[in-house]
Amino acid sequence: MTTTSDDSSGRLSRELLALRRLVDAEVSDLYRVLKDTPDAVAANTLYNAENGKRVSQRSVSKYVLACKRIAEYKHRRVDPALFAPQYWRQLHADGDQAPVFGTADRKAGDDGAEVVLPRLGSDLDDVLDPFDLEVHHPITVAAEGDPARLPIYVPRAHDRVLADLVTRAQAGTSAMAVLVAGSSTGKTRALWEALAPLRAEPGWRLWHPQQPTRQRALQEQIAHVGARTVLWLNETQRYFEDGSAAQKEEIATALRVLLADDDRAPVLILGTLWREHYRVLGQDPGSPTRILFDKAKIITVPSAFTGADLDELRHTAARDPRLKASLDSTEDGRITQYLAGGPELVDRYEHQVSAAACAVIEVAMDARRMGHRNMLPYMLLRDAAAAYLSDTERGELGEGWFEQALKETSRSCKGASGPVTPIRPHPLRARGRPPKTRGGEVPTGPMFQLADFLDQYGREHRAEAIPPIEFWQAVALYSPVEDQFVLGTEARVRGLHRDAAQLWKNASDQGEGRAMIALVHLLRQLNMPVAHLAMAAATAVPLDERFGLSLGPVLHWLYHAGAHEEVAVLADRVVIETPLHYSSAVGTALMDLHGARAHDQLRALADRIASHAAIEDGKGLSKVLGPLRYVGAQDQLSAFADRVAQIRIDDIWSVDRALRALHQVGAQEQALVLAERVAVGIAVDSPAALAVALRALHSVGAHEEAKCLSARIDPDQLNSDDPRGLTVLLHSLSVVHAEDLRDAVFARVDRTGFPLEDPTTVALLLLGYLQAGRYDKVAGLLNGLDPVRLRLDDVAGVDRLLHTLQILDLGGHLTGMLSGFAAHVPVHDTSVMPLLKRLQEMGAHAQAAQLAGRVAAETSTERAAVLAKAFEALHDIDAHESERQLAARVDPARVEIGAPEAIARIVQGLRHVGAIDAATAVAERAASELRLDVLALTAKLLDELASMPGRGPWERLRRRLPAGGQFDLWVSDVPGDEFRFGREPDGTPATAWAWEDLT
């Protein structure tokens, strides 16, 4: 267990403060550099470490780690020994009695004086980048926050063997390990992970001989290797592959001598070899290298994860999107090869393959990003690829060009699959319905798949390329019907209306209901006749929980088109097919049938709901009860409410929602039945649950039941591990007028004490005292409240506490406390911004200005969401000088181009204070780099850019809209109806077309 104590001597606090000043950082900088990493800690933890309050070893180590990272980031030259974990551990444990650790090995010189011996390599604590030691750069995926971070490591049997050798070295015995396996099997990563225990001990160094060449560096400097050194010989063959046989023998002999030298022990030599290199170097039993290997531990690394290792990987993959992607994309357990193959794939695509092979890869990329499954028909690739070549490139194609291109794309990359590779049929094909093409037939012929890394790469780097007409024609002919709805949607949002209609028609013909609805909507938008599709729509519209919300527009269209037969068909389906376990779908179906005047079906559905609709979802009950009341199904409402009254009461939060929902629709009898069950049946040990129950009973008028429940509560039996729950319970007891019980709970609080670190708990306790009229306790609590000791990283809690103090209206008595809040509350994210408004509302203008100054000085100017909120908050309280200070810190080149709404607010904030150049620079970047995902937010940014002088960024962003899937936003600003029928991939208006033109 981690222990905490105060720093009585003060030495630890002084040295931590000196370290922070040495790296030129504030405590808020330490917090930010650890935030969103596995080492994140609360800001108060760092403040307490520096102030010597409740200091734990963990808080000290995090403080020092943050200083170290800042020093590296700022390239400050700081003695690495100052960051040695062992030094700070001993200083925390022993205080003034702790010794100061040295930074180099020392011994007596010839004259008896102590001299410092130079040591090869770097302090192991300074070896932070695995890629400097040639660990493969892993693939990245969209969900991954830091692309430089390695995937979570899953140890296997070879890691345990390697760990035994590391333990030997820690005990003082030199050792050598060579990991042998094929390419990209995780050899170097295993060595990197093996270093972890050595980092926990002082004095270990790592030497990676490289300059001027690996062989020369090792040969010329190995005599200077000292004790506690890791000799890093990744790709060990490279230290023997050049030079004469005599030189190779000399290196092998020197390594053997080093292993045997007790005066330099312990030394740990770590190497890796491919199997073929090991065979070459070790094939002669009498050779120096073979003798060396006989002294070493040769560890074979398996090429794949199997058995228990694979099970552990599956478990771990839930916490790492790259591991999950590798599991989803490989069938034979070759995880490490997949993780390492990405960069080589990109290089091959961009620099190595022919124009024809590049075209095949880009067809596959476009098919995947447009929604095609990763089973790409040969014919699709062939028919579309030629359109991706220039006229000159097409003219140079020879016979068999496509087959040759496929050969190029199929070659493997560093153990991973090639860019586009054939899918080998499995001899025992899984049961299930195979995909069908537009005509309903099962596709035949070879199938190909795009490497997942290139799939992701294409989505990013071809995001604004609209595939040519030939691509859309090919997918309409050869793609599985299940994919054509999504492909059609991607065509539609890019303005390719005819291609969208053709794809949706193909899918509709095979019973894809979503495609039918989309097709009808598009044709109606284009003022084309759709009456002939009415019955097909009525029979095809999907009614499951995923798509139930599409029902309303279809019923509305059919009803107002006078298609009464079709309305009846669809309404009958609604009665039978509406998923009764999905509350939103149930309520929506009731309202849609009511709107279509389908009275018979409405009654039938209400009957089903009354008997069978789910009651377990307390949150969704109001979505069923409310519509039942609205449509006048009173009998069914009463029957359903009877069932709701019997809901399980072990989930008090669901019970709370159920009680309130019953009360809102006038089912008071059933609400009282449920209330009585709660009063006599729920457990009475959880203060939070009791607080919810009492408030719920009070809200529905079940006052006698609230008294009954209160009578069952024993203050001494309440869970003491939930102080916030106790404060909430105190408030609820006041609401239900259980004053005697409330005073008994207060008495328990007075006896046992109360932690005053959680601001929400403090706020609730203050309110409790205020409601009870215990003003002496209010004053005492305020007098003992130290803002620095509060968890100020809980900014929402701080805001609640400030609001409570505002209610108390203590005026100038709170000046010091509010100043403490303003000085110490973290300002690293958006949650702090409401505090500015709160302080101003309280009349604490000096403290609001103080906090505004910190926001201006400390807010991240790179995170768009935080910067936008800072500008907005400062503007709202008229902190114009702070706005100008914040604007002066903004480097447009470093602002994250994220949510369009945030970018719009940043541009607006910069313009408001006259920082026109910075505003223009941010707008220029947004116009080129912004992801065009959200229509409404992109429109807001467009409006802001349109108001800027010159409107250059506005025009550039507008040009990107169609390819980014924002055709409707783009065309809304185009006068006339030139693009009524959509556009072509090259941007020209589409020629007029009609239903009859679709095949």
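Author: A residue is called buried under 20% relative accessible area, exposed over 50%, and partly exposed in between. By that scale Glu-577 is partly exposed, because its relative accessibility is 37%. The model is a predicted one.

Glu-577 forms a salt bridge with Arg-573, and their closest N and O atoms are 2.9 Å apart. Both residues belong to helix H27 (residues 564-577), where they are four residues apart, about one turn of the helix. Arg-573 counts as buried, because its relative accessibility is 14%, whereas Glu-577 counts as partly exposed.

A further pair lies in helix H13 (residues 307-317), where Arg-314 and Asp-311 are three residues apart and thus separated by about one helical turn. These two form a salt bridge, with 3.0 Å between the closest N and O atoms. Arg-314 is partly exposed at a relative accessible area of 47%, and Asp-311 is partly exposed with a relative accessibility of 47%.

Arg-238 and Glu-235 also form a salt bridge, their closest N and O atoms being 3.2 Å apart. Arg-238 is partly exposed at 33% relative accessibility, and Glu-235 is partly exposed at 32%.

Salt bridges can also join into a network, and one such network links Glu-362, Asp-366, Arg-369 and Arg-462. In total, the count comes to 40 salt bridges. As to why such pairs form, side chains of opposite charge can pair when their charged atoms come close.

Notes:
Residues are numbered from 1 along each chain as its sequence is written. This is a predicted model: local features need pLDDT of at least 70, side-chain atom pairs count only at pLDDT 80 or more; totals for chains, interfaces and linings use all residues. Side-chain values use heavy atoms; hydrogens and water are left out. A salt bridge is a side-chain nitrogen of Lys or Arg within 4 Å of a carboxyl oxygen of Asp or Glu. Buried means under 20% relative accessible area, exposed over 50%, partly exposed in between (1.4 Å probe, protein chains only). Helices (H or I, at least four residues) and strands (E, at least two) are DSSP runs, numbered from the N terminus.
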